[in-house]
Amino acid sequence: MASTPPRSASRFVEVLPLAQLADRAIVCAKIGHVDLLLVRDGEKVFACERACPHEQADLSVGHITEGRLQCPRHLASFDLVTGDISAGWPSRPLRLYPTEIRDGWICVDAAALEDGTG
């Protein structure tokens, strides 16, 4: 889990140096009371909630395939752009948080984290 204290950059919060995702696709982080994942898919970086909205499985032990985060418990997957779950699963979408890369840091929208809307 990321242990670097976040530094504020406008409404975005610096969460993790981008280099820490260089050899890993998924890294856990916590900002305030929010457990989240930073996910790399190719050159793109996403931030999302850590617990699966379907059965609260730990998505940090899932994997990334073709732009989707697969849940390790029930094998459904979530679109990393929209949060939508694969067809046939009764669940709300995965909560995603806006991200930016600034000066080598992955930054997450602090306002979205606070209100939980993603």
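**Figure 1. The largest nonpolar core of the predicted model.** Among the 18 residues of the largest nonpolar core, those touching the most other members are Leu-37, Val-39, Cys-48, Leu-59, Leu-69 and Leu-94. At least two residues of this core come from each of strand E3 (26–31), strand E4 (34–41) and strand E5 (44–49). Apart from this core lies another one, of 16 residues, which includes Leu-16, Val-34, Tyr-97 and Ala-112. A nonpolar core is a set of buried Ala, Val, Leu, Ile, Met, Phe, Trp, Tyr and Cys residues joined through side-chain atoms within 4.5 Å; buried denotes under 20% relative accessible area, exposed over 50%, and partly exposed the range in between (1.4 Å probe, protein chains only). Helices (H or I, at least four residues) and strands (E, at least two) are DSSP runs numbered from the N terminus. The model is predicted: local features need pLDDT of at least 70, side-chain atom pairs count only at pLDDT 80 or more, and totals for chains, interfaces and linings use all residues. Residues are numbered from 1 along each chain as its sequence is written, and side-chain values use heavy atoms, with hydrogens and water left out.

**Figure 2. Surroundings of the core residues Leu-37 and Leu-59.** Leu-37 belongs to strand E4 and, with a relative accessibility of 0%, counts as buried. Contact here means heavy atoms within 4.5 Å. With neighbours within four places in sequence left aside, the contacts of Leu-37 are Ile-26, Val-27, Cys-28, Phe-46, Ala-47, Cys-48, Glu-49, Arg-50, Leu-59, Ser-60 and Leu-69. The C-alpha atoms of Leu-37 and Arg-50 are 5.4 Å apart, although the two residues are separated by 13 residues in sequence. Leu-59, not counting residues up to four places away in sequence, touches residues including Ile-26, Leu-37, Ala-51, Cys-52, Cys-71, Pro-72 and Leu-94.

**Figure 3. The open four-stranded sheet.** The strand order of this sheet is E3-E4-E5-E9, and the pairing is antiparallel. Two strands pair if DSSP finds at least two bridges between them. E3 and strand E9 (96–97) are the edge strands, each pairing on one side only. E4 and E5 run antiparallel and are joined by six bridges. Opposite Leu-38 stands Ala-47 in E5.

**Figure 4. Strand E11 and its two partners.** Strand E11 (residues 105–109) is mostly covered, five of its five residues being buried. In a regular strand the side chains alternate between the two faces of the sheet. Both faces of E11 are covered: Trp-105, Cys-107 and Asp-109 are buried on one side, as are Ile-106 and Val-108 on the other. Strand E2 (residues 12–17) pairs with E11 in the antiparallel sense over five bridges, and Leu-16 has Ile-106 as its bridge partner in E11. Strand E10 (residues 99–102) also runs antiparallel to E11, with four bridges joining the two; here Cys-107 of E11 is the bridge partner of Glu-100. Two residues lie between E10 and E11 in the hairpin that these strands form, and Asp-103 in the turn has a positive phi of about 50°.

Figure 5. A salt bridge is a side-chain nitrogen of Lys or Arg within 4 Å of a carboxyl oxygen of Asp or Glu. Glu-49 counts as buried at 8% relative accessibility, whereas Arg-92, at 36%, counts as partly exposed. The side chains of Lys-30 and Asp-35 meet at 3.9 Å, N to O; Lys-30 is partly exposed at 42% relative accessibility, and Asp-35 is partly exposed at 34%. For Glu-100 and Arg-102 the N to O distance is 2.7 Å. Glu-100 is partly exposed at 29% relative accessibility, and Arg-102 is partly exposed at 25%.

**Figure 6. Overview of the protein chain.** The protein chain contains one helix and 11 strands, in the order β-β-β-β-β-β-β-β-β-β-β-α from the N terminus on. Of its 118 residues, 46% are buried. Among contacts between residues at least 6 apart in sequence, 42% join residues at least 24 apart.
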